[in-house]
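Please read this briefing beside the sequence and the 3D view. It goes from the whole chain to single residues.

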Amino acid sequence: MSTKIKGKDKSKNTRKKFKMPSALSIIGGVIVFAVIITWIVHFADPTSSWESQQLVFSSTSDVNNWIDNNPEQAKSFIVDNPDLINNWLDLGLIVEFEPGYHFTDLGFQYIVKPFGEGNLIAKDWFNFGGSNWYVSDNGMYGIFDTFKAGIAGIFDAFSVVFYIFAIGAFVEVLLVTGSLEAGVGSLVKGLRGKEIILIPTLFILFSLGGTLFGMQEETLGLIPVIVPVIILAGFDAATAYMVIVLGTTTGIAASVLDPFSIGVMAGALNTTDLPVTIGTGIVLRMVLFFIYTTIGVTFVIWYGLRVHKNNDKSLETKEMIEKNKIWATDTLGNIDEAESLNKKQTWALVIFGLTFLWMIFTLLPWMDWIPSLATNSFWEGMSSLFFNKVKIGEWYFTELAILFIFSLMLVGKIFNMKTGKIWEHSLRGIKEMIGVALILAGSRTVGIILNYSGSTTTMINVLFGGISGASPIVLSALLFPLLALMAVFIPSTSGLAGITGPIISEIISVLNPSNQKIAVVGVMALYPLAQGIINMWCPTTGLVITQAEASHTNYGKILPYTLSYSIVIAVAGLSITLLALSIM
């Protein structure tokens, strides 16, 4: 039975349909959560003040003079605080350290803030007259402080945003030439009836990137191409998102050779009586990588096949699926009507492929794997062909952005585009990436609030302080959930290792030598697992929400799937690791 209300039929059982919040709304909620945390867990001494305790350097000479006049203090800070150094270095908020203890890259001013037994060191973007405008004096943030921290987040994320914009511009220029349309059309037509091959192939490649060098943010450059390809192959945007996000984080969960993750943890644990290197426990991590990746490929193939056969099985609504198909077609063109590649388009795709291959090559940590390359004259000479002071293997987002700008200009010239036209197309591509850039900046704001408030350091000291004295297997089992909890607040792989490593090292050092070895192998397997599973779904990382937005899928709807998958990987990894430790 229904009643009429103001001329409209209203059923008594009618309910307002729940609508998932937007990505920007979720990020806003996470920022508010971070602010609340600072009121609960902040600096131990509420009277401490950044302004009264800061040490500000405005030039390289100032820093070097301080080091020369205070050699022991400088050496102690740099050598004895690898946890803080690696955490803030990874966040892009600190200076880098070179042999001889000289600071480099002093484009801005820096603050050294004593805290407990360690120090915090941070880049102060607008430190005019010693005023630290986005830093809280007592570690607690107010609602309006978040706007100041948000501006700092934008500057902190600038190099990544620059990279994202350059990718958007490059892809747009390629689309205008018709090169991607023709190339993808040939690929999809060639795979017709065998489209599922895309899923395991791409998943394994992303997993390898994650396990070799912690590939995650770098995927933002691949999403604009890979997602439309997977959609046009008959899958949905959620499938593409899972391939990219679960692929990279599955690799991170094993971290077989990632120097930014397992390498940092090895360095921190090396203070025990046992020599610890990146190769410690590598056989176990290789086995885990194989198992994790097999589970991941199976999981995504299962979902992808269901969607490919019946769109009703998709996490997305029919309206969203159709909308994404239109978007993919507008992006890459109608593949059924795509013409064969002409000579210019072929060259454009060659440049496209070489650009991405070169990007991966320059990101691989060659000098960590082969230390002799750091002083190799050929390697230095080859590197200087591109950047005088940045070696191959040390490239990051600014260098990559310049690479893509160079490539888009090259493609434009192949098609005889005038500079004005190239600029016009580039701006259109940049416009498409603005939403992604804003979400990324918001995620950096969360990190700034939690780290500048001292909340993460305080939580680690409290949580890790009560588990010493346990057997190595029990210790590993207890450390895993603690590391996973801290990964929620420290999404950086090297940051988590840098902050927690020295504390874990002290806990392990009280064990006898044989038990130390077992405990170290356990930590080297379970630390990356904790970081990997949290990075698969946790909104505080910000990146998964950014990737969802760029992939044209809904983070809220895909969350139950990614969370379920992370639980499966966590159970498998913890069970296998503890079993391996018990038979050592």
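The points below are grouped by topic.

This is a predicted model, in which local features need pLDDT of at least 70 and side-chain atom pairs count only at pLDDT 80 or more, while totals for chains, interfaces and linings use all residues. Residues are numbered from 1 along each chain as its sequence is written, and side-chain values use heavy atoms, with hydrogens and water left out. The chain holds 26 helices and seven strands. Helices (H or I, at least four residues) and strands (E, at least two) are DSSP runs, numbered from the N terminus.

**Whole chain**

- The chain has 584 residues, and 55% of them count as buried. Buried means under 20% relative accessible area, exposed means over 50%, and partly exposed lies in between (1.4 Å probe, protein chains only).
- Accessible areas come from the Shrake-Rupley method with a 1.4 Å probe, and for residues only the protein chains shown count as cover.
- Of the contacts between residues at least 6 apart in sequence, 80% join residues at least 24 apart. A contact means heavy atoms within 4.5 Å.

**Nonpolar core and surface patch**

- The largest nonpolar core contains 161 residues, and Y163, L269, I504 and I508 have the most contacts inside it. Helix α24 (residues 513-535) gives this core its largest share, 13 residues. Such a core is a set of buried Ala, Val, Leu, Ile, Met, Phe, Trp, Tyr and Cys residues joined through side-chain atoms within 4.5 Å.
- On the surface, V32, I36, W39 and I40 make up a nonpolar patch with about 450 Å² of accessible area together. Patches take residues with over 30% relative accessible area and no salt bridge, joining like charges within 9 Å and nonpolar side chains (Val, Leu, Ile, Met, Phe, Trp, Tyr) within 5 Å. A salt bridge is a side-chain nitrogen of Lys or Arg within 4 Å of a carboxyl oxygen of Asp or Glu.
- V32 is part of helix α1 (residues 23-40) and is partly exposed, at a relative accessible area of 49%.
- An α-helix has 3.6 residues a turn, so residues three or four places apart point the same way.

**Aromatic pairs**

- The count of aromatic pairs is 22. Rings of Phe, Tyr and Trp (its six-membered ring) pair if their centres lie within 6.5 Å; planes under 30 degrees apart count as stacked, over 60 as edge-to-face and the rest as tilted.
- The ring centres of F299 and Y565 are 5.1 Å apart and the planes are at 45 degrees, so this pair is tilted. F299 in helix α13 (residues 282-309) and Y565 in helix α26 (residues 555-582) are 266 residues apart, and the pair links distant parts of the chain. Both F299 and Y565 are buried.
- A cluster linked by ring pairs contains W358, F361, W366, W369, W379, F386, F387 and W395.

**Helix α25 and its surroundings**

- Seven of the eight residues of α25 are buried: L543, V544, I545, T546, Q547, A548 and A550.
- H552 follows α25 and has a positive phi, near 60 degrees. H552 sits in the loop between α25 (543-550) and α26 and is partly exposed, with a relative accessible area of 28%.
- Q216 lies in the loop between α9 (198-213) and α10 (223-232) and is buried, at 9% relative accessibility. Leaving out residues up to four places away in sequence, Q216 touches T248, T249, I252, N535, L543 and Q547.

**Other single residues**

- S255 is not a glycine, yet its phi is positive, about 45 degrees. S255 belongs to the loop between α11 (237-254) and α12 (259-269) and is buried, at 0% relative accessibility.
- G185 is in helix α8 (residues 179-190) and is buried, with a relative accessible area of 1%. The C-alpha atoms of G185 and L332 are 8.5 Å apart, although 147 residues separate the two along the chain.
- R306 is in helix α13 and counts as partly exposed, at 25% relative accessibility. Neighbours within four places in sequence aside, R306 contacts K313 and Y561.
- R306 and F235 are 71 residues apart in sequence, with 9.1 Å between their C-alpha atoms.
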